[in-house]
Structure formats: structure tokens, C-alpha cells
Amino acid sequence: MSGGGLRPGQRLWLALLLAWLLLPLLPLLVWSFAKGWHYPQLLPATWSLDAWRYVLAPESQVLQSFGSSILCSASVAVLATLAGVPAGRALGMFEFRGKRLFELLVIAPTIVPGLAVALGLHVIFIRLGLANSLPGVIIVHLIPTLPYMALVMAGVFANYDASYEEQARSLGAGTWAVWRHVVLPAVYPGIIVGALFAFIVSWSQYVMTLLIGGGKVVSVPLLLFNFASAGRNDIAGAISILYIVPGVLIILLSARHLRGVGAMRTYSNP
Amino acid sequence: MKGYGKAAAAALLLAPAAGWAQPAAEVLGLSWAEIEERARGQTVNWYMWGGSDRINAYVSGYLGELARERHGIVLRRIGINDTAEAVNAVLQELEAGVAEDGSVDLIWINGENFRTLRQADAVFCGYLEQLPHNRLVDWSDEAVSYDFGTPVDGCETPWNRVQFAFAYDGARLAEPPRTMAALLEWIEANPGRFTYPAPPDFTGSVFVRHVFYHAAGGPEALLGPFRQEVYDEVAPKAWEILNRLKPSLWRQGRTYPRDGTALGQLFANQEVDFHFSYDAATFGTGVEAGTYPAGTRSYGLADGTIGNTNYLAIPANSPRKAAALVVANLALGAEAQLHKAMPDIWGASPAIDVGRLPPAQQEAFAALPRHPAVAPAAELARAALPELRAEWVVAIEAGWQEHVGKR
Amino acid sequence: MSASASPRREHPRILLLLAPALVALGLLFGGGLLLGLARSFGYMPLLGLTEPNLDAYRALFADGDFLASFALTFYIAFVSTAVSAVLAIGAALILRRSFAGKRAMLFLFQLNITIPHLVGAIGILYLFSQSGAFARLARELGMIAQPADFPALIYDPAAVGIILQYVWKEIPFIGIVVLASLQAIGEDYEAAARSLGAGRWQRFRHVLLPLMAPGVIAASVIVFAFTFGAYEIPALLGQHHPAALPVLAYRLYTDVDLAARPQAMAMAMAITLLCALLIAGYLYVARRWLRWS
């Protein structure tokens, strides 16, 4: 890396930037402990635990929706992994007829707005009984997550040394044994990071869940939108703080695996 | 559905599992005891605006507990941003051919949304006689038997009565204007301190109707079915008033708050001096929750404010009609209505005729304390204006967008 | 077919590898778009609509709202992407150096990549509204007397609040991509350029920028597409009229008048097409620029 240390100007720039990145979280945190924190109070005149009490109480259904959001995003991550790892292997290691077309199919969902696709799917989901249900929401969340998983794994497999597989095969290992003992151990850091970020992409979805879940699948962002647009800033603040916890944990957890995967992990969660 | 036969193959492939749907006729033929029996163990999906923690707690907590303990029913409150979302969900299901296995069992509803459901034949009707608590409702009162001019006709259960009220902060404003004419003057004298949500938001819509009544010299000419010639005469006057106000509104009328709660935020943060709502009780709960300043006071206009009733409706394609009926009956009962009327619970005015209750319960209603921020219902009721028919409401909303909102 | 990598004789197995993703994306993404397209032409046998027509598109383009909304949406996406990209490049150029506390800085820098847009939007609302934290600070400092004196940054015609939210969220996203491409090249080129007497600006212009460009272009395409098609941010922070295209599409789709449904689909298709065209144009310009430099 170039040069040791930073010049004062750079230091200031960086400090301002990081302050800016953290700043929007501050009023949310304050609001979650405030009551009636209105203009012109710089700091709340009244502090209160009411919002947290409400959020943690069973009849508010906040924790319940936290649970269903986790179930949803975890399922999405697993499904995206199951389909994305083989696709990434094909893209990263092999040349085949129609590869460009397949790449287009994988990249297009990161470009085309999810709302446009979800509107088209809605009628058929109602017919199939998938609308207003968690499975339906899990399935549509594959649209933004699966391409991303496939692209991450394509990157991983492109840098992967296939000669071990040849050796294992020449020693008589079957397909399953090769995957179990050679492929997976080599690529699992990529899988972990990819799956964690597929989780986060699904965790952040709002409009697809609203549309396909029909209000019945109450994910955390739906509740958050509800309270934010209803002016209950204290409750919106508390839900926001809860809502960002899994993402922060994931950044911490995946820090170890970052180097091998590079920047691909952030794709499709702009 | 038209031309449905052509899609028979697709329909066969896609036909959802029939489930344990309950055709309307089957439920209608049952006694109440049989309905209660059938309802046991069912889950009711109740779609309602979910932005008030008090109302949420009343429904999920109090009513949910009663439903579970007394009837073995699981009450699932589905919070939505706008009632139209629930209506839309039902219509979409019906459009897609889901006629008996819908996902919505109960909707908190009134006005245009109810009319839309009725016009689409998407609401379950004819059960009111079976509800034991129906005898508490005074159906001779047209404010109950007509929902925005649409006859209820046994298709909804009344839940609350509301009347529009303005609110101000006594700490900021000593004496608010108490007639529409005085309010309009006040707005022009105090530029930037007033605004209203953009219709079709229902709070903004009802404010614009008050201006419409003012422009028409009272509601009388506008009552009854929609008449184009009357509209054409009154509407330009109303748009003229509203356009003249524009430069004096918050942000010079270049934009409007999204909805009533957004207006409430502007009010709480001293960006504007007035708030208003269909339900004065929200000012009491709002003060308690810290959403509105402690000095908030609400009041009606001397020339009257619009009142109406809101209801619970069961979609025609609900597969759990029995349980939805039991919950609607529970919500209509004196006990639940009294609990709901308590100012620290919700403070909502009862939809039942309190005079039909036994004396002890009448006294309990009479003894209810009132939050200082809430205008007394009796005082508001002295100058109550009728609601227009839904066709009028739709026309006024569209006219506002065309002639005021987009200008 | 190229003869590179491993031209193995395992076509059936490649198909096996592709099958799950192909089926899922083909059905969901391809199917969703096709159904939307069909419906925008008023064609949906499932609903008994068998005569395709252009009514929805006609209604859409006859309405002045669409153009106003398109202009607004394009402006929001363009400005958000450009500002984020410039600031992200600046951030990456600093963050690639080694300095005390770099790990912590990198952690904080990436933190909001995982924070949902909705949370950022609410935070921005509480900071920048005319009665928000900054307005209160300004009042404390005697700069304003009442909320209306503070500039309108939320629900405003210039969509400042929306752009601030996107910039907040996208700086780290683009920044991390750029940082990765800078780290991958190491400093050999730069050292060589320096030894040849290149100044700081020349090193940036002729060495770093071309190396960063592919990453910046890829990331900004994703950001542009996202900001062009996002619903919840303009829904929460935008003025009521004109609304961003996705907000308009959602409003039409959830209109209780079912006749508005094909128009919603037509708008969704228009969003898709416009977004794709704008990106294609951008990539064309960017490639020419890359070749030229």
C-alpha cells in the first residue's frame, strides 16, 4: 500500500465521510428512547422506554415478524445457494454453448427493477395460492438474490484450481465424494459470504414483500414503514435499531472471509 | 368471469386447492350456536390500518384475548397502510378466480372502499340478523344505515362513530377560528402555517369536502345521488377558494403532506398550526404517546363538521366466515365497545345505541372520563354534517387533483 | 465455442449445473416480465382478456404525468449515481493507504452496505426535514426563526432528501468495489509512473483512473438501475406530485379501479425499457471513453 499514514486533509475528509455514513442512525437511536421529541428540542425533554417496551411486547407482533423475516431470509439464502453454486461453477469453469445468453439471464435481474417483475408475477402467484404466503415471498426474493449468488460463485470458481478434482477422480472418487471432499472445502468461504449477503439482500426487500406478501407476510420493513408513516417515530426508531442488528453481525462474521471473495459480495445490494 | 371458458385448460392446471371454503349460503343457514361451534379453532385475518399502537394493542391484545378465551378463535391483525390495499387484495383474488379461498376475512372499512367492494359483489351480506349484538344498533339512524350514502344493507357491522375535528396547540394559539370562513381568513393572514393532505387521502379528502360545503353554502344541495350540473356549479367555486389559498399554505402549496399522519408530524414540529382528523380520540392518544404536544386541543366548527360511521366487512371469498362473524359480533358487544371508548385505550365513540343497554352499562358509558385534548362527542354532535355519497367523494377527489393538486 | 479453460465433454453435466438457476430465473424473472408485458397489452387469457391492444400505452403517454415522472426519476438516478461515484472514488483513494485504525475505519465504511434503505430514509427524514435535527441546530444557533426558514430538503421538487439517502447508501457500495480493484493492482504501475516523473494528477489520470474504471462503471450501472427502479425511498421522502415512476406504477397497480391495472403494467414495462436503454447508452459512452484513453 502506498505511503504510511494520511495527510491532515485526508484525515479530515475521512472523518467527515464516516460521520456522514453514521449520522442518519443517530436520530433513530435517540428517538427509540424519546417521547415527544419535537421541534425545537435539540435533545428529548422526556426520555422513555415505552417504544422498546412496545416493540418487545408480544401483542405488538414485532418480535414475531422479526422471526418470520429471519425464517424468510434464511430460506432464501439456502435456496439461492443450492441453485447459485452449481450455476457459478458452470459460469466460472466451463465454456458452453449459450453461455452469453445465460450470463444475460443472470445479470438482467440486477438491472431490471424488481417491482416490474413482481407486478407481472402477482396474478399467477394468486392463482397458485402463493400470494399472501411466506413461501411465495421466499420464491420472489430469489429474483434479486440468486443472480448475485451465481455471480459471486462464478468469481470464486474462476480462481479455483480444478486439478485436485482430476486427481481425486483418477483415484476413483465419485461425483458426490469429489464435491464433498474437494469442491466444497475449497469454495466454502465464498459460499458462506455469498449466503450471508443473500440473506441481507432478502432482509432488505420491501416492495416485493409488500406486493406478494399482500400485507399478510409481515416482515420487519413492512412494520417499520407502517410506524414511520404513522408518525410513531419512537417505535420506528426502536424497530430500525433491531432491524440493522443482523447486518452488523454479518459484516463482523464475514470479515474473516472477505479477502478471498473480493468486492463481488456487495453486488446486487446497492 | 367473462370468457373464462377459453382459459379452461390453464384454469384446470392452476386451480387452487378448494380448501374448506364456506359458501355464504351455508353459513347463513346456521344458528348462532352452530356458527360459534364452526368458528372454533379458525384463524381470522383482520386487515386494518396499522399505524396506531393503541388501536393495534386493543385489537391484538384485548379483542384477540377475548376471541381466544371465549371462542377458541385466533385473531390475526394484518396491519396495512391504507384500507384500499385490503380491498385491492380481495378484488385481485376474485379477478384471478380465487372465489372461495381468499386470504382476507375481515376489513375495517367505510366509504369508497365499501362501495367498491359492493359494486364488485365482493362482500358477504345478509348476516346481521344472526349477530346477537345487532339489537344494540339503531338502524333507523341514517348515519349508521348509510355508509357514505351507500346503503349498508346487511353487508357491514358498525364498529365506531367518528366526527371530524380540528386541533391546535393551546400553547401556541390562544383562540382558533371556529367557522370555515374564519379559518380561510386565518390561513391567508398567517401564511405557511396551514396545509392539508393531498386527496385521495381520506383526511385530506374530508377537509376538501368541508370547503366544498362552504362553497355550496351548506351540504343540502349536494346530498343524494351525484348530479353533474350541481357539481359543475359548485366545483369551480371550491377550486377557486383552494387555489387562492395556495400561496398561503405550507410550502406555498407546491406540495402537500402525504396523509393525515404526515400532517400530524408537521403539527407536532410546529411547521403548521393546525391538525385535523376524522377521529378526535386520536388527539388524546397522540398526546399520551408523545406524538402531539401536551397543549393540543380539538374542536368542531360552528357551521358543523362531517361525521360518519366505520364498519367491519367480510369479503365474499373469505373461507372463514363463521369466525369472522363471531369476531365482528364480539367487537360490537357493549363490553368491547366500552373498553374501546376508554380514553387510555382508544377513546373511540361507540357504534351501538347506548340507550339500548341496561342502566348499569349506560352509566359506565356516561362516566367515561374524557381526555382534555379530545373534543366532547356531544359538543361536536350539535353541529354534525352528513357525509356525501361515495360518487360525490370520488368526483371531488378527481377534480381536486386535476384543478388544484397538479396546478 | 472457445477452446480455452476446460473444454470438457460434459454437456449433460453442465446442463445439470445450470438447471436450478435456469429454471428459477427463467420462470420467475422471464415469466414475470412476459406476463407483465402481456398484461400491459391487455392480454391475459387467465382473466378472460384475449384481445391485445395498445390502450394502456396510449393512456400512459397521453398523460403528462408520465413524462414529468420520468424526468424526475432520471434526474434522481443520474445525480445520485454521479455524486456517489465521485465521492466513492475519493474515499477509496484514501482508504487504500495504510494508516492507524484502518481496520476499524473499513468496518465503519462498509457498515451501511448491510443497512436497509428504508432505515436510511427514515434517518435522513429526521435529520433534514424543516423541523429535523439540522433545523433545530440552526435555530439554536440563531440562523432560523421558524421551520419554514430552513431550506426544504424533504418532499421538495429537487428531491434533495432522496438523493442524500442514495448517496449515503451508495458511497460505500461503489467505494468497496473500487477499493478492491485498487488493491488487486498493487502499486507497481504507480511507482513506475512516479519514477518516470509523473505528477500526482497525471498518476491519477493515466494510471489509477483507467484501472478503476471497469469497477466504477459496473458498480454505477447497478446503482443507476437500483435508484431508477426503487419504490420505498421516493414513496417516503418524495413530494406528492410529480412522483417517481415506480411510485406511480405502484399507485396505479393498487388503484381500486381494476381498469388501471394494465396501465400499471405498461408503466412497469416502460421503466424496464427506459432503464435498459439508459444503461446501454451509458455503457456505450463509457466503452468509447475507455478505448480512447
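Predicted model: local features only at pLDDT ≥ 70, side-chain atom pairs only at ≥ 80, totals over all residues.
## Polar contacts between chains A and C

Helix H6(A) gives the most to the side of chain A that touches chain C, namely eleven residues. That side of chain A divides into 70 nonpolar, 18 polar and eight charged residues. The count of salt bridges between chain A and chain C is zero.

The contact draws 96 residues from chain A and 109 residues from chain C. About 9,100 Å² is buried between the two chains. Carbon and sulfur atoms give 77% of that area.

## Where chain A meets chain B

Here 31 residues of chain A are in contact with 40 residues of chain B. Three residues of chain A stand out: His38(A), Arg127(A) and Lys216(A) supply 26% of the area that chain A buries against chain B, more than any other three residues. The two chains bury about 2,900 Å² between them. Carbon and sulfur atoms account for 46% of this area.

There are 16 residue pairs in polar contact between chain A and chain B, both members at pLDDT 80 or more. Three helices of chain A each give two or more residues to the side that touches chain B: H6 (114-127), H11 (220-229) and H12 (233-254). H6(A) gives the largest share of that side, five residues. By class, the side of chain A that touches chain B has 13 nonpolar, twelve polar and six charged residues.

## The salt bridge between A and B

How many salt bridges are counted between chain A and chain B? The count is one. Its partners are Asp53(B) and Arg232(A). Their closest N and O atoms are 2.5 Å apart.

## Chain C overall

Chain C has twelve helices and zero strands. The C-alpha trace spans about 75 × 75 × 35 Å along its principal axes.

Of the 293 residues in chain C, 55% are buried. Take the contacts in chain C between residues at least 6 apart in sequence: 70% of these join residues at least 24 apart.

## Annotated spans in chain C

An unreviewed UniProt entry places the feature "transmembrane region" at residues 66-95, 107-128, 166-186, 207-231 and 264-285 of chain C. In the model, residues 66-95 of chain C are 100% helix and 0% strand. The end C-alpha atoms of that span are 42 Å apart.

Residues 264-285 of chain C are also 100% helix and 0% strand. Here the end C-alpha atoms lie 32 Å apart.

## Helix H11 of chain C

Helix H11(C) covers residues 245-253 and is mostly covered, with eight of its nine residues buried. Among the buried residues of H11(C) are Leu245(C), Pro246(C), Val247(C) and Leu248(C). Ala249(C), Tyr250(C), Leu252(C) and Tyr253(C) are buried in H11(C) as well.

An α-helix has 3.6 residues a turn, so residues three or four places apart point the same way.

## Thr116 of chain B

Thr116(B) sits in helix H6 of chain B, residues 111-119. Is Thr116(B) buried or exposed? Thr116(B) counts as buried because its relative accessibility is 15%, and the cut-off for buried is under 20%.

Beyond residues up to four places away in sequence, Thr116(B) touches Val87(B), Leu91(B) and Val256(C).

## Gln337 of chain B

Gln337(B) lies in helix H14 of chain B, residues 334-341. Why does Gln337(B) count as buried? Its relative accessibility is 0%, so Gln337(B) falls in the buried class.

The side chain of Gln337(B) makes a polar contact of 3.4 Å with the side chain of Lys340(B). With neighbours within four places in sequence left aside, Gln337(B) is in contact with Tyr58(B), Trp159(B), Ala331(B) and Leu332(B), among others. Its contacts also include Pro350(B), Ala351(B), Ile352(B) and Phe365(B).

Notes:
Residues numbered from 1 in each chain as written. Chains lettered and ligands numbered in written order. Heavy atoms only, no water. Contact = heavy atoms within 4.5 Å. Buried area = accessible area lost by both parts, 1.4 Å probe. Salt bridge = Lys/Arg side-chain N within 4 Å of Asp/Glu carboxyl O. Polar contact = N/O pair within 3.5 Å; in protein donor to acceptor, adjacent residues only side chain to side chain. Helix = DSSP H or I, 4+ residues; strand = E, 2+ residues; numbered from the N terminus. Nonpolar A, V, L, I, M, F, W, Y, C, P; charged D, E, K, R; others polar. UniProt positions renumbered as here; feature names shortened; annotations may be inferred. Buried < 20%, exposed > 50% of the residue type's maximum accessible area, 1.4 Å probe, protein only.
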